[in-house]
Amino acid sequence: MGFTDKMCHDVAKDIINKQFLVKYEPTIKDDKTWYENLNNFLVTEWDRLQESDDTKSEFTDSEEHMIVSDAMNILLDKLNVDEDEFEEHEQDVDWMRFDDIIGHYTCSV
């Protein structure tokens, strides 16, 4: 793993652990599936972020793409979602909003 790859992975891990999960976990409902809980949070958080001032990320487009990709993998691991389950429910989650949210979080890292 090169320096940029490690840096992006570390940023993604910090975003998931220190920002995303802190906001997401209190919204989880036991009677909902992982993908329903996640999608409900993404919609709410995306709407909330639309009201805030957008600042410019210090990362390049390539780095931001790596951060978003790593963040998604880290989140799925934390949620114990395996590859088969992800593929089965991939369309049940608005991953574009996830990308936007993680991109927004990179501005505050």
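This is a predicted model: local features need pLDDT of at least 70, side-chain atom pairs count only at pLDDT 80 or more; totals for chains, interfaces and linings use all residues.
**Salt bridges**

Side chains of opposite charge can pair when their charged atoms come close.

| Salt bridge | Closest N and O atoms |
|---|---|
| Lysine 6 with aspartate 10 | 2.8 Å |
| Glutamate 45 with lysine 23 | 3.4 Å |
| Arginine 48 with glutamate 45 | 2.8 Å |

Lysine 6 and aspartate 10 are separated by about one helical turn, because they stand 4 residues apart in helix 1. Lysine 6 counts as partly exposed at 44% relative accessibility, and aspartate 10 is also partly exposed, with a relative accessible area of 30%.

When neighbours within four places in sequence are left aside, glutamate 45 is in contact with Lys23, Ile101 and Tyr105.

With lysine 23, glutamate 45 forms a salt bridge whose closest N and O atoms are 3.4 Å apart. Glutamate 45 lies in helix 2 and lysine 23 in helix 1, so this pair ties together parts that are 22 residues apart in sequence. Lysine 23 counts as partly exposed, at 32% relative accessibility.

The salt bridge between arginine 48 and glutamate 45 has its closest N and O atoms 2.8 Å apart, and these two residues, 3 residues apart in helix 2, are separated by about one helical turn. Arginine 48 is partly exposed, with a relative accessible area of 39%. Through salt bridges that share partners, Lys23, Glu45 and Arg48 are joined into one network.

**A negative surface patch**

Asp30, Asp31, Glu36, Asp82, Glu83, Asp84, Glu87, Glu88, Glu90 and Asp92 form a negative surface patch. Helix 4 (residues 83–89) provides the largest share of this patch, with 4 residues. Glutamate 90, one of the patch residues, lies in the loop between helix 4 and helix 5 (95–106), and at 31% relative accessibility glutamate 90 counts as partly exposed.

**Leucine 21**

Leucine 21 lies in helix 1, residues 3–24, and counts as buried at 8% relative accessibility. Not counting residues up to four places away in sequence, leucine 21 touches Ile16, Pro26, Leu75 and Lys78. The C-alpha atoms of leucine 21 and threonine 106 are separated by 15 Å, while the two residues are 85 residues apart along the chain.

Definitions and conventions. Residues are numbered from 1 along each chain as its sequence is written. Side-chain values use heavy atoms; hydrogens and water are left out. Patches are made of residues with over 30% relative accessible area and no salt bridge: like charges are joined within 9 Å, nonpolar side chains (Val, Leu, Ile, Met, Phe, Trp, Tyr) within 5 Å. Accessible areas come from the Shrake-Rupley method with a 1.4 Å probe; for residues, only the protein chains shown count as cover. A salt bridge is a side-chain nitrogen of Lys or Arg within 4 Å of a carboxyl oxygen of Asp or Glu. Lys and Arg count as positive and Asp and Glu as negative; His and the chain ends are not counted. The place of a charge is taken as NZ of Lys, CZ of Arg, CG of Asp or CD of Glu. Buried means under 20% relative accessible area, exposed over 50%, partly exposed in between (1.4 Å probe, protein chains only). Contact means heavy atoms within 4.5 Å.
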